[in-house]
Amino acid sequence: MNPFYEEYGDYLKERFGRKMQKLTVDTGASCPNRDGTLGRGGCVYCCNEAFSPMAGSRESVAAQLERGKGFFARKYPSMRYLAYFQSHTSTNAGADVFLQQVRQAMDVSGVAGIVVGTRPDCMPDDVLSELAHINRGHMPVLVEYGMESACDATLLRINRCHTHADTVDAVRRTAGAGIDCGVHLIFGLPGEDEAVMLAAVDAVNAMPVRFVKFHQLQILRGTALARNVEQGRESVRLFGLEEYVEFCCRVVGRVRAGIAIDRFTAQAPASMVIAPRWGLKNHEFRALLHRRLTELANSRS
Ligand code: SF4
């Protein structure tokens, strides 16, 4: 058991009674911030291929899950899976299409839960009410929203095309429907200093969320952010590794009890990352963080 914070893996173990493996699926849905509904350029840092290994897949949801299971099922025959609707904006295809894809995932043997990742402005009431029905009577459903920042000026600057009020509304409606939900935050966004980032953690604490996922801003090849920085239209102050470890120690001390932490770092393929190039896997960063948290605890005792 982690003495410093509740780990997302432990939350899942408690919720499902066993270790669970997430399998990412791509529904083929577009993103309203790219298809013209809200915008065309997308969020400035977005490179969907980097966020999701299955992005761009045109296989059915069931076929993607069967393929994903292949690797684990041989090694761990009793493994159970979470179908993770992560890529683009999974709920953007419309309620009928999306819910049919969810039902398809539920029918795949070994799938014991559904995780929906989406934008906070893309959870209509009809989808939410059906997810709540599944969660109550069939299998657990978890929802993750891309909050990214609690500061509207930042959300505008990174072209998110939603506000913090949208996040608060989505989280409240989702938790109110009895579904465990979480949010993602990015640390190091343009214009944000430590006070703004910690205020975002406070904003997370103030919402009825059950889990949170943090990551450092990465500048990825081919993104608007990379072009803007290169052409001098945007400036970012990226975290150094040691500095980020220290910052995450302060974040850990700030996250309220009852919120499990999923991760602290993003891990895009190295070939896509312009900066920062730490060359660390998530578990290696976690080991560094735990070593530092232990040092700090020892120095206080
Ligand atoms: S980060 Fe998400 S919301 Fe933003 S453009 Fe990419 S897919 Fe769309």
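Two residues are in contact if their C-beta atoms, placed from the backbone, lie within 7 Å. These close-ups come from a predicted model, where local features need pLDDT of at least 70, side-chain atom pairs count only at pLDDT 80 or more, and totals for chains, interfaces and linings use all residues. Residue numbers start from 1 along each chain as its sequence is written.

**View 1. Helices α10 and α11 meet here.** Helices (DSSP H or I runs of at least four residues) and strands (E runs of at least two) are numbered from the N terminus. On the α10 side, Val245, Cys248, Cys249 and Val252 touch Leu288, Leu289, Arg292, Leu293 and Leu296 of α11. By class, this contact has eight nonpolar, no polar and one charged residues, where Ala, Val, Leu, Ile, Met, Phe, Trp, Tyr, Cys and Pro count as nonpolar, Asp, Glu, Lys and Arg as charged, and the others, Gly among them, as polar.

**View 2. Seven strands build an open, parallel sheet.** Follow the order β1-β2-β3-β4-β5-β6-β8; strands pair if DSSP finds at least two bridges between them. At the edges, β1 (20-25) and β8 (260-261) each pair on one side only.

**View 3. Strands β6 and β8 run in parallel.** Two bridges link β6 (residues 211-216) to β8, and valine 212 stands opposite isoleucine 261 of β8.
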